[in-house]
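Here are some exercises to work through with the model open beside you. Try each task before reading on to its solution.

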Amino acid sequence: MPALTRRLISLFFGLWLYGFSMAMMISAGLGLDPWDVFHQGVAERVSMSFGVITAITGVVVLLLWIPLRQRPGFGTIANVVVIAIAVDTSLAFLPDFDSMPVRIFMLVAGILLNGLASVLYIGAGMGPGPRDGLMTGFVASTGLSVRLVRTTIEIVVLATGWLLGGTVGVGTVLYALGIGPTIQLLIKVLPHSMTAAVTGERESREAQMLGATG
């Protein structure tokens, strides 16, 4: 299979899986990751679907790239469009779950699939998502560490989403603790051709941090 075709498949399948994993966590109703708490909080206040709010937020975040001198790739634009469609489509057929064991299963499976989706679409190497680009842009422009910038952004987003009515719960904590190790494990077990760009992105962020603080 040609390399470009393989990368496009990895990108689009990863983005679609990402949207589906978001829908699983929403259906579980046990707490979302910070950005999805924000998306859900906004969706509670306006007559728009979760996916549309996700897309609008992505566009707004991309506008913030301009003063940060970040450049989007094809994958960046695809991220905005495909995830929005995937999450709305998935929410349309996923039922509301009353059984707590089923809800826990949906939450855990959603986090695991979210990690796999992240490896697939980042591994395509066709541009970061809007929110990741915002983080790396702030790191490069401020000289602050990746950890501090990411934590600050996610705390602000989480708090805003919670105040708007987004769901914060055990799933929020589990996602925060579990998504990093999940991605790290997948990087080790999946073929290098699928994960090289993920490793490169991580090294790029570390280099930006060191270069900005050195």
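**Exercise 1. Find the helix that holds Asn79, then decide whether this residue is buried or exposed.**

Start with the location: Asn79 sits in helix H4 (helices are DSSP runs of H or I, at least four residues, numbered from the N terminus). Next, check accessibility: the value for Asn79 is 5% relative accessibility, so it counts as buried (under 20% relative accessible area, with exposed over 50% and partly exposed in between, using a 1.4 Å probe and protein chains only). Finally, list the neighbours: leaving out residues up to four places away in sequence, Asn79 touches Leu15, Tyr121, Gly129, Pro130 and Arg131 (contact means heavy atoms within 4.5 Å).

A quick word on ground rules: this is a predicted model, where local features need pLDDT of at least 70, side-chain atom pairs count only at pLDDT 80 or more, and totals for chains, interfaces and linings use all residues. Residues are numbered from 1 along each chain as its sequence is written, and side-chain values use heavy atoms, with hydrogens and water left out.

**Exercise 2. Work out how H3 and H4 are arranged.**

Remember what to look for: two packed helices are described by the angle between their axes and the distance between the axes. Here, the axes of H3 (residues 50-68) and H4 come within 7 Å and cross at roughly 165° (axes are lines fitted to C-alpha atoms over the stretch in contact, with angles from 0 to 180 degrees between N-to-C directions). That makes H3 roughly antiparallel to H4, as angles over 145 degrees count as roughly antiparallel. Now for who does the touching: the contact includes Val52, Leu62 and Trp65 of H3, and Val80, Ile83 and Leu91 of H4.

**Exercise 3. Which residues of the largest nonpolar core touch the most other members?**

Of its 31 residues, Leu11, Leu15 and Tyr18 touch the most other members. Then trace the suppliers: H1 (3-28), H4 (74-93), H5 (100-123) and H8 (170-189) each give at least two residues, and H1 gives the most, with 10. Zoom in on Tyr18: beyond four places in sequence, Tyr18 touches Ile83, Asn114, Ala117, Ser118, Tyr121 and Tyr175.

**Exercise 4. How many helices and strands does the protein have?**

Count them up: 9 helices and 0 strands. To finish, take the whole chain: buried residues make up 46% of the 214 residues.

Terms used: A nonpolar core is a set of buried Ala, Val, Leu, Ile, Met, Phe, Trp, Tyr and Cys residues joined through side-chain atoms within 4.5 Å. Angles under 35 degrees count as roughly parallel, over 145 as roughly antiparallel, 65 to 115 as roughly perpendicular and the rest as oblique.
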